[in-house]
Amino acid sequence: MTVSKTSFDFLKKLEQNNHRDWMQEHKKEYLASEKKLKAFYAEVEASLNLNDEIAKLKVFRINRDVRFSKNKTPYNVHRSVSFSRAGANRRGGYYLRLEPGNSMMAGGFFSPEPADLLRIRKEFEMDAVEIRAILEDKDFKKAFGGFNEEYAVKTAPKGFSKDHPNIDLIRLKSYFVQHKFTDEEVYADNFKENLVYHYELLRPFFDYMTDVLITDLNGVSLI
């Protein structure tokens, strides 16, 4: 199963005609594209389940929430989906965004709840050897580079020293990585395998972060 070029053709046309009348006129085209994409998502989920356990596949709505946005166009010009892992002992999540010229996958912990964020920061304050080894792994680094640093406090979170040697990790507000795909890579016959390969590179990171989040600072299980 591949991502059909017609799905991207539809999104390109939607970008040029982002209003409800046009969408109503092209509803059949939209529904046909969605059917093909959902079949692709299902195959990705099945592939992930070979070595993981996915609890939920969520397809994000094409309708935009414009209540607090200056951009009032009603529709997203991308299609996005997430795959949530099952159980308290499987932390982290997988994400896919399909958009002409801007497709990407991502995974990790985006805006974790305050208790989890504090636990992660406390772990890195105490010891960051293991997470740095994961980030420096050759294949991981080639695929992702490192954490997305767009989401971080300016200096140091409350209660942490700005001079701590691990402040580069502690100051982050999210812990996730991403990898972009060209349109040609998305259309390719091996895109599903390429995508799943990048997801599976995340597993050592997910396993480590799970161990952090289900234990206290003394290593005692919380579940």
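Phe140 and Phe144 lie 4 residues apart in helix α6 (residues 138-144) and are therefore separated by about one helical turn. Helices (H or I, at least four residues) and strands (E, at least two) are DSSP runs numbered from the N terminus. The model is predicted, so local features need pLDDT of at least 70 and side-chain atom pairs pLDDT 80 or more, while totals for chains, interfaces and linings use all residues. Residues are numbered from 1 along each chain as its sequence is written, and side-chain values use heavy atoms, without hydrogens and water.

The structure holds 20 aromatic pairs (rings of Phe, Tyr and Trp, the last by its six-membered ring, with centres within 6.5 Å; planes under 30 degrees apart are stacked, over 60 edge-to-face, the rest tilted). Phe140 and Phe144 form an edge-to-face pair, because their ring centres are 4.9 Å apart and their planes stand at 65 degrees. Both belong to a cluster linked by ring pairs, whose members include Phe83, Tyr94 and Phe147.

Burial of the two residues is tabulated below; buried means under 20% relative accessible area, exposed over 50%, and partly exposed in between (1.4 Å probe, protein chains only).

| Residue | Relative accessible area |
|---|---|
| Phe140 | 2%, buried |
| Phe144 | 8%, buried |

Across the protein chain, buried residues make up 44% of the 223 residues. The chain contains 10 helices and 5 strands, and its C-alpha trace spans about 60 × 40 × 30 Å along the principal axes.
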